[in-house]
Amino acid sequence: MNKKFIELKLGSHQIVHGFDEQHKEIIEEIKVEGYNKKLVNIERIKSISEKFILTDYAHGRWIYWEYEGDFETIKNKVL
């Protein structure tokens, strides 16, 4: 059975709301203390870097999440 969700500890994040007239991203930064557990639908994950997980969001927006843990652990959860 394929996994649909993974548990992650996510913290501060940036919401990309779209682009302005100069084609620059319109970004809202959300700073939080620490990390909270979230269940994330694997299909919403667009990419993973050593610092961020990029997911899609409502109304065509994207979110860059800071996460707790290391890249290899997160990669192994997704693959």
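This report describes salt bridges in the structure above.

The structure is a predicted model, in which local features need pLDDT of at least 70 and side-chain atom pairs count only at pLDDT 80 or more, while totals for chains, interfaces and linings use all residues. Residues are numbered from 1 along each chain as its sequence is written, and side-chain values use heavy atoms, with hydrogens and water left out.

Side chains of opposite charge can pair when their charged atoms come close. A salt bridge is counted here when a side-chain nitrogen of Lys or Arg lies within 4 Å of a carboxyl oxygen of Asp or Glu. By this rule there are six salt bridges, including those in the table.

| Pair | N to O distance |
|---|---|
| E29 and K31 | 3.8 Å |
| R44 and D56 | 3.0 Å |
| E72 and K75 | 3.2 Å |

Accessibility is described by relative accessible area: buried is under 20%, exposed is over 50%, and partly exposed is in between (1.4 Å probe, protein chains only). E29 and K31 are both exposed.

Helices (H or I, at least four residues) and strands (E, at least two) are DSSP runs, numbered from the N terminus. E72 and K75 both belong to helix α1 (residues 71–78), where they are three residues apart, about one turn of the helix. E72 is partly exposed because its relative accessible area is 40%, and K75 is partly exposed at 29% relative accessibility.
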